[in-house]
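The sequence and structure are shown first.

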Amino acid sequence: MRLALDEARLAARGGDVPVGAVVLAPDGTTVLAAGHNEREATGDPTAHAEVLAIRRAAAALGEWRLSDCTLVVTLEPCTMCAGALVQSRVDRVVYGARDDKAGAAGSLWDVVRDRRLNHRPEVIEGVLAEDCARLLTDFFRAR
Ligand SMILES: [Zn+2]
């Protein structure tokens, strides 16, 4: 999560909402890929931290299935990212701050653990939640 927080800070530097993500290899420690929000930087509406990290991890592995991998992200995933996480078959999703307005991993929706889907990653929330939330609060306060 500390690495994800570092990534989030990179996003804020480019004017993007500070959210960062890393994908850990099946061993749980090797970082396969990282990403931060790049919507403003790239003009791409789908350039969320999780999507970018998932794409890069798949490229690093040479296949789309991220079986046994863990995605760590500073903010609860939105519906798009939750969908991408299910599609990528990650084993575990770890997030920091909850997103009561748009969260899709327990807050507003729970797409990643929807029993109607055939793949449901384990979800661990609240890791360094205050640090993750403070980054966002500070960013929006400064705007
Ligand atoms: Zn998202």
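Buried residues account for 41% of the 143 residues in the protein chain of this predicted model. Among contacts between residues at least 6 apart in sequence, 56% join residues at least 24 apart.

The protein chain has 5 helices and 5 strands. Along the sequence, these elements follow the pattern α-β-β-α-α-β-α-β-β-α. The radius of gyration of the protein chain is 14 Å, close to the 15 Å that the globule rule gives for 143 residues, so the chain is as compact as a globular protein of that length. Taken along the principal axes, the box filled by the C-alpha atoms is roughly 40 × 30 × 25 Å.

The values for the whole protein chain are collected here.

| Property of the protein chain | Value |
|---|---|
| Radius of gyration | 14 Å |
| Box of the C-alpha atoms, along the principal axes | roughly 40 × 30 × 25 Å |
| Buried residues | 41% of the 143 residues |

The rest of the report concerns a single residue. Where is Val17 placed? Val17 lies in the loop between helix 1 (2-13) and strand 1 (20-24). Val17 counts as partly exposed because it has 19 C-beta neighbours inside 10 Å, whereas a buried residue needs 20 or more.

Which residues does Val17 touch, not counting residues up to four places away in sequence? They are Ala11, Asn37, Leu136 and Phe139. Glu38 is 21 residues from Val17 in sequence, and the C-alpha atoms of Val17 and Glu38 are 8.4 Å apart in space.

Key:
Residues are numbered from 1 along each chain as its sequence is written. This is a predicted model: local features need pLDDT of at least 70, side-chain atom pairs count only at pLDDT 80 or more; totals for chains, interfaces and linings use all residues. Helices (H or I, at least four residues) and strands (E, at least two) are DSSP runs, numbered from the N terminus. The radius of gyration is taken over C-alpha atoms; the globule rule is 2.2 Å times the number of residues to the power 0.38. A residue is buried if 20 or more other C-beta atoms lie within 10 Å of its own, exposed if 12 or fewer, and partly exposed in between; C-beta atoms are placed from the backbone. Two residues are in contact if their C-beta atoms, placed from the backbone, lie within 7 Å.
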